[in-house]
Amino acid sequence: QVQLVESGGGLVQAGGSLRLSCAASGSIFNINAMGWYRQAPGKQRELVARIRSGSNTNYADSVKGRFTISRDNAKNTVYLQMNSLKPEDTAVYYCNAGVVTTAQVYLERWGQGTLVTVSS
């Protein structure tokens, strides 16, 4: 049906940058909001950034001014540009999307997660 595939995670030193990508594929009619969440060891999954179909965005306070979310609707892809990374940004990052399928069914989908490790 609908899949989300993430890429771009890895190991980076504090102060460095990474760019995550998440591409949706399958029987897609329309994608509403897309977002990035993260889960650090021993912690709950939390919202990092979210972008709606009209390009309105919201960010967690901890990443404001450092991370930028964007989307390419033609490619059904959402990006997360992460700058000035800190060790506390270390987590598995998950993509999330609200998708309307060609059968006019609404689905919420998650990616498999990509690990971001920031060394001090």
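Leaving aside neighbours within four places in sequence, N96 is in contact with L4, A33, M34, G35, Y37, R50, E108, R109 and W110. Contact here means heavy atoms within 4.5 Å. The model is predicted: local features need pLDDT of at least 70, side-chain atom pairs count only at pLDDT 80 or more, and totals for chains, interfaces and linings use all residues. Residues are numbered from 1 along each chain as its sequence is written, and side-chain values use heavy atoms, with hydrogens and water left out.

N96 lies in strand β9. Strands (E, at least two residues) and helices (H or I, at least four) are DSSP runs, numbered from the N terminus. N96 has 1% relative accessibility and therefore counts as buried. Buried means under 20% relative accessible area, exposed over 50%, and partly exposed in between (1.4 Å probe, protein chains only). The side chain of N96 also makes a polar contact with the side chain of E108, at 3.0 Å. A polar contact is a pair of N or O atoms within 3.5 Å; within protein, one must be able to donate a hydrogen and the other to accept it, and residues adjacent in sequence count only if both atoms are side-chain atoms.

Of the 11 residues of β9, 10 are buried, so the strand is largely enclosed by the rest of the structure.

β9 has several strand partners. Two strands pair if DSSP finds at least two bridges between them. Strand β4 (residues 28–39) runs antiparallel to β9 over nine bridges. Within β9, T101 is the bridge partner of I28. Strand β10 (residues 106–110) is also antiparallel to β9, with five bridges. Here G98 has E108 as its bridge partner in β10. The hairpin of β9 and β10 has four residues between the strands, and Q104 takes a positive phi near 65° in this hairpin. Three bridges join β9 to strand β11 (residues 114–119), again in the antiparallel sense. A91 stands opposite V116 of β11.

A disulfide is a pair of cysteine sulfur atoms within 2.5 Å. The count by this rule is one. C22 is joined to C95, with an S to S distance of 2.1 Å. C22 belongs to strand β3 (residues 18–26) and C95 to β9 (residues 91–101), so the pair ties together parts that are 73 residues apart in sequence. The link is left-handed, with -80° about the S-S bond. Both C22 and C95 are buried.

The largest nonpolar core has 31 residues. Such a core is a set of buried Ala, Val, Leu, Ile, Met, Phe, Trp, Tyr and Cys residues joined through side-chain atoms within 4.5 Å. W36, V48, F67, V78, L80, M82 and Y93 have the most contacts inside the core. At least two core residues come from each of β1 (2–7), β3, β4, β5 (46–51), β7 (67–72), β8 (77–82), β9 and β11. β9 gives the most, with five residues.

Buried residues make up 42% of the 120 residues. Among contacts between residues at least 6 apart in sequence, 55% join residues at least 24 apart. The C-alpha trace spans about 50 × 25 × 25 Å along its principal axes.
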